[in-house]
Structure formats: C-alpha cells, structure tokens
Amino acid sequence: MSTTKPTVAQAIAQALARHGVEVIFGQSLPSAVILAAEAIGIRQIAYRQENMGGTMADGFARISGKVGVVAAQNGPAATLLVPPLAEALKASVPIVALVQEVERHQVDKNAFQELDHIALFASCAKWTRRIGTADRVEDYVDAAFIAATSGRPGPAVLLLPADLLREEVVASDHVRRANLGVWPLDRSRPADALVQDAASMIAAAKFPVVMAGGGVLSADASAVLARLQDLASLPVFTTNMGKGAVDEMHPLSCGVLGALVGPTALGRFTKDILGDADLILQVGTRNNQNGTDSWRLVKPGTSIIQIDVDPQEIGRNYEAVRLVGDAAATLEALTQALASCDLDARAESRPSIEARIAKAWNDFETVRAPLATADTSPLRPERVMAELQKLLTAQTIVAADASYSSMWVAGQLRGAHAGMRFITPRGLAGLGWGLPLAMGAKIARPDAPVVALVGDGGFAHSWAELETMVRMDVPLTIILLNNGILGFQKDAETVKFDAYTSACHFKPVDHAAIARACGCEGVRVESAEDLPFRLREALASSRPTLVEVMTDPGAHPPISLFAGKLDPMVELPGQ
C-alpha cells in the first residue's frame, strides 16, 4: 500500500473537484495541475488561441451557474487573459484563473517568461494571490472561489509557482468540505423596512416601470421578476445585457432600449414610455453609456429605486433609493411586500399601458417590415434575424460578437420565455468573443441549441477555434454575417469625420471553405430563398456548422448615433 503524499498539484485538482469543477479551459499549462485534474476526470477544453480560453470560461459560467475555470502559462499566455478577465469583471461573471509562476528560487532573476502577474491582473481581477507554501493549498483555492462568487461576482486569479506544484502537500488539521463553485454564493437582501418603503413608493407611483440589466440573469431572478411584473402591472425594459430577463411576448414587456432608438428601432416607439415614468425600478444594471443611450433616457426628476449587489453601483450616475442585495432575493422580498399594498390603481391602468406597448411593437414591426422581408442580394441582416426568429425555442441560447452582431440580436430577435439566454460581451465589448462565449455556453448546456452570431471582422479573431469545436465535440451553429467591412468603424468614422480609414475594408474571404477545411460543415448563402433551409439544416445538425451569409455592407443597426445622419426618418403609413 502506497503511503506517498499527494503533490500540491494533486491537492489543487481535488479541491477543484470539491467545488464541482468538471471542466478546465486550458492549453495543458500548468501541466502538473492539468495532469492531476485529468487523472480524476476533470475535462480539459484545449483551445487554440491563448486569448480565447478566458472567454469560453465566461460563457460557461453565465449559462451553467458555476464558476468558469481557466488555466494559463506564465508570461504571454497570462497577458492574454487580461481582456477576457476585464470583460468578466465589468460584466460580473465569476472566473477562477490558475496561472503558473516561475519557480520560487528563480524570482527576480529574469527567468524565462517571468512577469509581475500581481501587477498585471490588478486592474482586471477582484482578487489575485500567490500560493507560497504547501500547507495553504486548500485555503487559497477556497479563497479564490469565495472571491469569484461572493458580493459582485468577478474573476479571481491564483498564482502557482511551478516548483511548488511538485512538492508534497502538507495536510491541515482543519478539513475543508464546502462546495463554493456555484454563484451567487450569498443571497443577501435589504432590511424589511427598506423593502417595504420601496414597495410603498411603487404602489403610490402614477407610472412606475422597470429597467432590468444583466444582474437579473446572473442571479437567476427572471422568474421572480415575471411575478412582480404581473402583480404590480409593471412595464419592463431591458438593457442589452439584460435581454432575456423577461418574456418579450408578454404584453407588459417593452424589449431592449439603450442606444437602439433610430428610425427603424423598437426604441423609437418605446423610449417615450420610459420618459413618462415617474418612478423607475432598476435591477442589476450599471446605468452605463450603452444601456442609457449616453445617459439621455432617464429624465431629470424621475424617482429611482436601484437593486444591486454592489453598493457602489447604486447611485453612481443617478441618485437612487438603495436596495443592496442579490437580485432574486431582493425581488422576492419586494414582491411579497407589494402583495400587501393597494395595487388597484396599477390594475386599473394596466389595459391602457398594455395597449400603448402593443402599439409600439406594432409600429416597430411596420417600419422594419420592408427590411425584414427584403429579397435583396446581398441580404439584409434584418432578414437573417427574421428567419432565425422562426427557429428559436425557449431552450435556444444565442451568443453574439461585439459591435453590430450584438445590436442585431438585441434589437431584432424577440425572446419568448423569461430567462431565455442571449449572451453578449457588453462589459468591454471585445471583437472575436462571440464564438468562444457560444462554445462555453454549449459546454455548459450540451443539450441546448446554441447559435453564435458573428461578423466577418470579429470572426477573424477566433476562427482557429473551428478546429477546437471539431476536436472537442462542441456542435453549435455559427451564423456569419459577411459584409466585407468593419461596419461600425466605417459608419462611425463617416458620421464623425465624413471619411473613414483604410482599415475598414477587407479582401474577400471564403469562410465556409475555412470551416470545411477544419472539419465543420460550411455553407455560403447569397439569396433570401436559400436562407431558411440552410438555417434549419444547421440547427438540426449534430456537427459544428457555419452558415456564411453575404450581407449588405450598407446595413447597420438603428442606433442613435446614426439617426438623422446615415438613417433618414421612416414614416408610418398614414402619417
């Protein structure tokens, strides 16, 4: 019988398993940890590009409700964790990054790929620590998971000296058994008196509305918000990141607002509903630039009640009644408090509110219909979204790249179920993140249909992961909108400078051929007639599939920046 003590690497792997970790996104470094993890059944998702793993872990965490774990070598691989960890920090997504360090006796001697990782991660992680001795392994692993999942979720970085990983672990007298790998870790909520005061304000308001952000989804509060919406007859708007927080087919749902207020946007017809509110209940939203159309949507003098797990987010841009707590727990308490309030006035006003919202949706459908039904070649993205809409189910997960891809998803698709997932990189909005987000989501929920919507500009950052999808058996559908340009850059430069830079145009690329060369299915669509069949075929496939759609380079989402400049006003019939 062997009496060999486990190594530090093996102890780390066992601690990860205790926290429910089943997947590590990595490239086999730190090798000692990956070998120990694979030996006990933890799967490594070995990606191709070093800047993709962190975003895969992000997508996994958003969908699974578990911590995403990513591993990296010291030096260059560590530096490439900065962008995805920064996105996770801004978007409040829990990730634990395991980063190898040089051997302890080599510190400050210019060892190969030595870098000050504590300084490197200072701006993009909640917590960064180095394990220094073999007797503190489980203490530090647990501390990393607590940092990632408690309070406002975010990334934690654990630095692992290479020589320490080979040492025998020193057993502790205090055995750790807790599973800290789910989030949010703590379901805190405000005091009853504060909740009751907020409920009284909502009941007394003439026209209260809700703005729901991504915190509603990360805290799994969608079902509670749906009950509150019905109980108090509250119109609900969502931010880009909050899309899916409510059933957008519900008669009190106003869809996404933010910067999507141009001539053919839903927001053109709903922004006045928000503007007429005398009270706004904000849940899990940062009141950032995109979510408020550069802080123009909330009118001065409007009362605000803000629910957020991060005390510093409340009142950052607008003074608000403070309800510090987890979204689900706080909404549940608020719903119970409102149940004891007189809501007769809210119920009496509901038919007129629903009629106003229905008219806004109908007007939106009217002005976008020529685009959504257009048979032109190259295709309009609105037509692509209209055909995709027909194939969505409550289980479908749609991930999008940054820039226009996110806007097409937020503004053209309509979620048919509270809690349906639309995941977009709106923390920092980095190009190339749509595909790895989708891959992480598919690994988290293998039975769900997953669609990644990307543009040709962003996809060039991540197309090596086509091979990863085949090798690691991640069968999702990629819809690639190929317009041959960097769309937002070209359009924004045109609006601001009446010219655009030379980087905006690409040479033609056959992305479908690249997909087939990597072992995926790959098809190109150039006509509206061919589109429905190709989309149905892709979503029904058990293999990774790329549908490259040749789209109009002149098409762009109807955001406020372009209204009256690139986008003329579209009149409703009879106006």
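Domain bounds in these legends come from an automatic or database domain assignment. The model is predicted: local features need pLDDT of at least 70, side-chain atom pairs count only at pLDDT 80 or more, and totals for chains, interfaces and linings use all residues. Residues are numbered from 1 along each chain as its sequence is written, and side-chain values use heavy atoms, leaving out hydrogens and water.

**View 1. The chain is divided into three parts: domain 1 (8–166), domain 2 (192–359) and domain 3 (375–550).** Taken over C-alpha atoms, the centres of domain 1 and domain 3 are separated by 29 Å. Contact, meaning heavy atoms within 4.5 Å, links 24 residues of domain 1 with 28 residues of domain 3.

**View 2. Six strands form an open sheet with parallel pairing, in the order β9-β8-β7-β10-β11-β12.** Strands (E, at least two residues) and helices (H or I, at least four) are DSSP runs numbered from the N terminus, and two strands pair if DSSP finds at least two bridges between them. β9 (253–256) and β12 (321–324) stand at the edges with a single partner strand each, so one side of each has no neighbour in the sheet. Strand β7 (residues 208–212) runs parallel to β10 (residues 279–283) and is joined to β10 by five bridges. Met211 stands opposite Gln282 in β10.

**View 3. Helix α13 (residues 327–339) lies across β10, β11 (303–308) and β12.** The helix runs at about 130° to β11. Axes are lines fitted to C-alpha atoms, for helices over the stretch in contact, and angles run from 0 to 180 degrees between N-to-C directions.

**View 4. The largest cavity is lined by 30 residues.** On a 1 Å grid over the protein atoms alone, a cavity is a set of points where a 1.4 Å probe fits but cannot get out, while a pocket is an open set with protein on both sides within 12 Å along at least five of seven lines; lining residues have an atom within 4 Å of a point. Ser92, Gly214, Gly215, Gly284 and Thr285 lie nearest the centre of the largest cavity. Domain 1 and domain 2 both give residues to the lining of this cavity, so the cavity lies between them.

**View 5. The largest pocket is lined by 35 residues.** Closest to the centre of this pocket are Ser403, Tyr404, Met407, Phe488 and Ile559. Helix α16 (404–412) gives the largest share of the lining, four residues. Domain 2 and domain 3 each supply at least three residues of the lining.
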